[in-house]
Amino acid sequence: MLDDRKKKVLQAIVEEYINTAEPVSSSSIVNNNDLNYSSATIRNEMADLEKSGYLEKTHTSSGRIPSEKGYRYYVDELLEDDNISLEEIRYISDKLETKVNEIEELTKITTSTISEITHYTTLAIGPSTQNLLIDEIKFVLLGPRMLMAIILTNTGMVKETIIKFDEDLSEKQVETINYMFNQKLKGQPLEIIDAPLEEYLINEMKYSVKVIKPIIEQIKKVISEDRKLYLEGTNKAFELPEFNSLAVAKNFVNIIDEKELMTDILNSGFAKDINVYIGDENEKQELKDFSIITFKHKVGNQDLGTIGIIGPKRMDYSKVISVMKYINKKLKDSGE
């Protein structure tokens, strides 16, 4: 357990290093912070913090930088989560009050807004279909042998697919298909589109398997498709000094290019509303140089997916978490 003086020194060092990306000396802490301690006292405290594993000494300087343990203590115990200006609050409010008709639009707006304010790479994924209910299914005849199916869920998610047939369909048949599918599926989970439903519809509608089977198969296919990934601000990463390292930059590009890895990042465990993973706390070896912060994207009580930020361990945790908390609150309030 750290005493108050060590806490203040550690906080000052973490925030100084986040701002400058330069190892922090005792003199810079004395000059740039309102700490009423002598340079000698701060040097002693820095030595103790290093011995306890909260700070590390670099080879190129006599200054110290935070260790992963130091960052973790800062995030858990010292961080101020109101690091957001009135101007940023107004900007977020204006962006999120844009009228949207689909959750994909809201996710894209939220992702880009976070990236614009924090200047980090932001990624997002839509909700799992496991918890979604069918609000309506609409079939539209595009031609004698072509039908469009539009599935609207309770969250506002829209899935569309085109179905082609080997025989002609009439408008009357499409009306019956619309009626029967909605009668059976409205208010039900997406996963209920299964074999028993197929048998029921074939028996009830007296249509050939050539009509019902392609509809069921194509709807099941579009439902099981991978959730859409959103990515904003990739170029912002390369403005950070950490990415002057070719190895770090190359690793980052590989992470961004690997859809499965990004999905795993966003599907990590959610013990809290906002989750922070620092360096080695990330399960994947590729992520050891980075910190990742994620939160569940909700409007009211509706789960709209997950949004995350990826950046160096020297991330401005206070700014990122403050922005995420404000946006999270704004989105929840908008659904109530």
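Of the chain's 336 residues, 48% count as buried, meaning under 20% relative accessible area, with exposed over 50% and partly exposed in between (1.4 Å probe, protein chains only). This is a predicted model, in which local features need pLDDT of at least 70, side-chain atom pairs count only at pLDDT 80 or more, and totals for chains, interfaces and linings use all residues. Residues are numbered from 1 along each chain as its sequence is written, and side-chain values use heavy atoms, with hydrogens and water left out.

Confidence comes next. pLDDT is the predictor's confidence in each residue, from 0 to 100. Its mean over the chain is 85. A value of 70 or more is reached by 86% of the residues. The secondary structure comprises 13 helices and ten strands; these are DSSP runs numbered from the N terminus, with helices (H or I) of at least four residues and strands (E) of at least two. Among the elements, helix H4 (residues 68-78) has the highest mean pLDDT, 96. Helix H8 (residues 195-205) has the lowest, 66.

Now the surface and the contacts. The chain exposes about 17,300 Å², and carbon and sulfur atoms supply 46% of that. The areas come from the Shrake-Rupley method with a 1.4 Å probe; for residues, only the protein chains shown count as cover. A contact means heavy atoms within 4.5 Å. Of the contacts with a separation of 6 or more, 62% link residues 24 or more positions apart.

Thr-110 gives a local view. Its place is in helix H6 (residues 103-118). Thr-110 is buried, with a relative accessible area of 0%. Leaving out residues up to four places away in sequence, Thr-110 touches Leu-96, His-297, Ile-307, Ile-327 and Leu-331.

Turn to a sheet. Three strands form an open, antiparallel sheet in the order S4-S5-S6. Strands S4 (134-143) and S6 (158-164) stand at the edges, each with a single partner strand, so one side of each lacks a neighbour in the sheet. Neighbouring strands are turned by 20° against each other on average, direction ignored. Two strands pair if DSSP finds at least two bridges between them. Eight bridges join S4 to S5 (residues 146-153), and seven join S5 to S6. Ile-150 in S5 stands opposite Lys-138. In S6, the bridge partner of Ile-150 is Glu-160.

Helix H7 (residues 171-185) lies across S4 and S5, at about 165° to S4. Axes are lines fitted to C-alpha atoms, for helices over the stretch in contact, and angles run from 0 to 180 degrees between N-to-C directions. In a regular strand, side chains alternate between the two faces of the sheet. The covered face of S6 holds Lys-159, Thr-161 and Ile-163. Its uncovered face holds Val-158, Glu-160, Ile-162 and Lys-164.
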